[in-house]
Amino acid sequence: SKHTNIPIITRVHGTFPEYTVYTKFFSFGKAFIDLAFKTQYIATTTHYYIDFFQQYFQSYDPFFNKNFFIIPNTVDSRTITTSTNIKTQSDVITFFQLGRMNRTGYHQKGFDDTIQGLFYLETILSEEQLKRIHYIVIGKGEMKQEFINKISGLKYIKVTHYESKTNNEVKEILRHSDVILLPSRCEGMSMFATEALSLGKAFISTENNGLRDLIINNYNGITIRPYDYLRLAQAMKFYIENPTKIEEYGKNSQDLFNKEFSFNAVALKFEAIVNMLGINSK
């Protein structure tokens, strides 16, 4: 920027901030954060990262003379067709989860929390209610077989596992699912969640990460603490017993997407930054 007079904005996303603290690659992640803070302008996908940086540095000094912007992820809603999920007390409810099943991905996406939640459901719901649950999961990696071995012990809940699907196939499953499971133990701004939001889906998600900007408790989903498989099970039970909430929360998801995360909404956020920095678009 010194040579061109063009403002440089560093945009931070993904889950590397958590790995900076929670994994052995501390110095690697720290180097990225230090590089990001060499620029005057820093953009993040959600406010979650700004909170993380404050916790990470524990000092005001790195924040002096910095401008922070929030530029969310988005998807092309012009090609999206939604499905109306009008459910009754006798309908099957489809819960959909997706994620990598390598060692770190398996941990990050909270697959074990889902498994434990499903086993708990089999102790608190009737057989009739349990047979209304269809859990669809997509994921592969070295933890896949462990996942299959554990979940095969379920007696009544139907489970469908796919190792992989094309992006179009994932969207098709997403379109026909009822509730999206995101029990992530760490998460930035998930593109999977953004697509589900645009399709008008209800959610169960964790609340201590970047998902909190997309999923609002009792508005378009139910939020839980990480690792809290008991609350996860109770949230699934809520949708089984209150299926009309799926449609209500789905409509709220689409409204939120259109307002904050659509192409037009994100373009306006870019425009505000361009205007503030005085960049001549011509």
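Modeller: Let us start with the surface: the protein exposes about 14400 Å², and carbon and sulfur atoms supply 52% of that area. Accessible areas come from the Shrake-Rupley method with a 1.4 Å probe, and for residues only the protein chains shown count as cover. Please keep in mind that this is a predicted model, in which local features need pLDDT of at least 70 and side-chain atom pairs count only at pLDDT 80 or more, while totals for chains, interfaces and linings use all residues. Residues are numbered from 1 along each chain as its sequence is written, and side-chain values use heavy atoms, with hydrogens and water left out.

Biologist: How do you know that the radius of gyration agrees with that of a compact globule?

Modeller: The radius of gyration is taken over C-alpha atoms, and the globule rule is 2.2 Å times the number of residues to the power 0.38. For 282 residues the rule gives a value near 19 Å, and the protein has 20 Å, so the two agree. Along the principal axes, the C-alpha atoms fill a box of roughly 70 × 40 × 30 Å.

Biologist: What makes a stretch count as one of the helices or strands?

Modeller: Both are DSSP runs numbered from the N terminus: helices are H or I with at least four residues, and strands are E with at least two. By that reading the protein has 12 helices and nine strands.

Biologist: Why is G99 called buried?

Modeller: Buried means under 20% relative accessible area, exposed means over 50%, and partly exposed is in between (1.4 Å probe, protein chains only). G99 has 8%, so it counts as buried. G99 sits in the loop between β4 (93-98) and α4 (103-108). Of the 282 residues in the protein, 48% are buried.

Biologist: And what makes Y227 partly exposed, and N65 exposed?

Modeller: Y227 has 48% relative accessibility, so it is partly exposed. N65 has a relative accessible area of 69%, so it is exposed. Y227 belongs to the loop between β9 (221-224) and α10 (229-241), and N65 to the loop between α3 (47-57) and β3 (67-70). N65 has a positive phi of about 60° although it is not a glycine, and the phi of Y227, also positive in a residue other than glycine, is near 70°.

Biologist: Which residues does T45 touch, leaving out those up to four places away in sequence?

Modeller: Contact means heavy atoms within 4.5 Å, and T45 touches R11, V12, H13, I70, I71, P72, N73 and M189. T45 and M189 are 144 residues apart in sequence, yet their C-alpha atoms are 6.3 Å apart in space. T45 lies in the loop between β2 (41-44) and α3, and its relative accessible area is 1%, so it is buried.

Biologist: How do you know that the span of α11 is close to what is expected?

Modeller: The expected span is 1.5 Å times one less than the number of residues. Helix α11 (residues 244-261) has 18 residues and reaches 25 Å from its first C-alpha to its last, close to the expected 26 Å.

Biologist: Why are the buried residues of α11 said to line one face?

Modeller: I246, Y249, G250, N252, S253, L256, F257 and F261 are buried in this helix. Seen down the axis of α11, they fall within an arc of 165°, so they line one face; the arc is that of the directions from the helix axis to the C-beta atoms. On the other side of α11, T244, K251 and K259 are exposed. An α-helix has 3.6 residues a turn, so residues three or four places apart point the same way.

Biologist: What makes a set of residues a nonpolar core?

Modeller: The members are buried Ala, Val, Leu, Ile, Met, Phe, Trp, Tyr and Cys residues joined through side-chain atoms within 4.5 Å. The largest such core has 32 residues, and those with the most contacts inside it are F95, L121, I133, F147, I204 and Y239. Its largest share, six residues, comes from α10. Apart from it lies another core, of 22 residues, among them I136, L182, A193 and F261.
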